[in-house]
Structures are given as structure tokens and as C-alpha cells.
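Welcome, and please keep your viewer open beside this text. We will go from one selection to the next and look at what is there.

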Amino acid sequence: MAADLLDPPELIPELIAKFREGFDVVWACRSERLGESWSTKTAAAAYYRLMRWMGLPNMPPSGADFLLVSRQVIDAVNASPEKHTSVLAMILWMGFRQTFIEYVKQARHSGHSKWTLTKKVKLLVDSVVSFSYVPIRAASLVGLAMATAGFIYTAVIAGLWMLGRVSAGTGYAAIMCVLLIGQGAILLTLGVLGEYLWRTFDEARRRPRYIIDQLIRKNPGKSGSCWYETGCDGPELVP
């Protein structure tokens, strides 16, 4: 939690109570943000809606800056080698048993927030790049749509020319055909290259495919079974 007292420490017992029910992550989600401007609330709502649509459907709709996590979640976050990412979004992506409680974020009584517009833009870029390939797919789809429109427009102009309704020397039609088909092909090619770059990036950041909670194995030397709990110090045998 932040140290500016906008998030009430009185919620800590409620977070602990939920944690003792067996949850690894307990989010304190904002039901209301006091003292914030209309533009700030609108931009924040747009960010959370965008992230829920693009890559993290379990993200709280109103956002959360205040949470309690188990040691296992902390170890998983520390084991991640990624740098330019959102820690809160990474916790959401990792899964685990998660729940939330709601609270009212208090207004700031003094001072100014260090959460500047530049940092907010960086968070948006890092979140989209780290958890979604939608922009790359969008470039491919736009390029395909433009190229298709160019071919259709070319076919229409050719049909009208054959019917004698358009002269062969019309420059506007030729320019539009070249622009639509050419620009569409460029965007489509960039989209294909982006797909390869995304896969290269996905392999380079070494994000685990799965995060293992427990391993259950048969004990070859004895009857019955035992399970191994994995942690930062390696597997530990638990009878």
C-alpha cells in the first residue's frame, strides 16, 4: 500500500481475514475515488476497460492499488525476469486464488501526487505490450481491409471502364487503386513481421507457461503418497 494514507490501513484486518480463508491474493478495489477530477476518473476507467478487453479479463473494473499477497506469490513475482511491465497486472496474469473487497479511496489532504502523466503513459504502454498482441493483429486487419478495398475499387473502375462510363485516362482512380492496395500490402506485411517479433519477445522474456502450486507424487519406497511444495529454496517434502 502507498504511504500517503489515501488507502485506509483500517482495511488490513479485512484483507487478513480473506487471506485466512485460503486466498493467495486479496485485492482492495476502489468503489469510489474522492477528490479526483472527472478527466482522471474517465482516463482510469478507460485504461481498466481496455486492459480487461485486451488481455486481463479478471482485472478489477475500478482498479486496485492496495493488496495482500502470500509468500508464494511474492516468490513467483521475484522469479520473473521481466523489467518493463506492471507488477499488479503480472499478479493478475499469474492466477493463484484471488478475491477482492471494496473500499472508498480517500481524497488527498496535502501535497501533490508523484504519479505524473508521463508515468501513466508508460504504464499504459508497458501493460499493452506485456499482456496483449491486439495492436499487432489490428495492423494486420487494417492492412487486409485496405488491400481488399483496393482490389474491389480496382474491379469496379475496370467494370465501369469496360462499360464506357469512365475514361482510361482518369488519374484519380489509378492513384486510389495504387494507394489502397500498396498501403494495405505494407500494413499487412508489417503485421506479419509483428507476429514474428511478438513470438520472439514472448520467448525472450522467459515468462513461465505454468506456475505450479503443488506437485503430488507417489512415494516409490512406501505405500501411500506424499506431495512436494515448491518454493524459492527448491522442493520440500511434506508428509
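Start with the largest pocket, which has a volume of about 1,200 Å³. Of its 43 lining residues, select Arg33, Tyr48, Asp65, Trp115 and Lys120, the closest to its centre. A pocket here is an open set of points on a 1 Å grid over the protein atoms alone where a 1.4 Å probe fits, with protein on both sides within 12 Å along at least five of seven lines; lining residues have an atom within 4 Å of a point. The volume is the space filled by probe spheres set on the points.

This is a predicted model, where local features need pLDDT of at least 70 and side-chain atom pairs count only at pLDDT 80 or more, while totals for chains, interfaces and linings use all residues. Residues are numbered from 1 along each chain as its sequence is written, and side-chain values use heavy atoms, without hydrogens or water.

Next, colour the elements that give two or more residues to this lining: strand E1 (25-33), helix H2 (38-54), strand E2 (64-69), H4 and helix H5 (117-131). By class, the lining has 23 nonpolar, nine polar and 11 charged residues.

Now keep H2 and H5, whose axes are 10 Å apart and pack at an angle of about 10 degrees. The two helices are therefore roughly parallel to each other (angles under 35 degrees count as such). Show the side chains of Thr40, Tyr47, Leu50, Met51 and Met54 in H2, which meet Lys120, Leu123, Leu124, Ser127, Val128 and Phe131 in H5. That contact (heavy atoms within 4.5 Å) has eight nonpolar, two polar and one charged residues.

Move on to helix H3 (residues 71-78) and helix H4 (residues 87-94): how do their axes cross? They come within 11 Å and cross at roughly 115 degrees, which makes H3 roughly perpendicular to H4 (65 to 115 degrees). Val73, Ala76 and Val77 in H3 meet Val87, Ile91 and Met94 in H4. These residues divide into six nonpolar, no polar and no charged.

Finally, pick Leu180 in helix H7 (residues 171-204). Leu180 lies 8.3 Å from Thr148, C-alpha to C-alpha, though they are 32 residues apart in sequence. Beyond neighbours within four places in sequence, Leu180 is in contact with Met146, Ala147, Ala149, Gly150 and Tyr153.

Note on methods
Axes are lines fitted to C-alpha atoms, for helices over the stretch in contact, and angles run from 0 to 180 degrees between N-to-C directions. Helices (H or I, at least four residues) and strands (E, at least two) are DSSP runs, numbered from the N terminus. Angles under 35 degrees count as roughly parallel, over 145 as roughly antiparallel, 65 to 115 as roughly perpendicular and the rest as oblique. Ala, Val, Leu, Ile, Met, Phe, Trp, Tyr, Cys and Pro count as nonpolar, Asp, Glu, Lys and Arg as charged, and the others, Gly among them, as polar.
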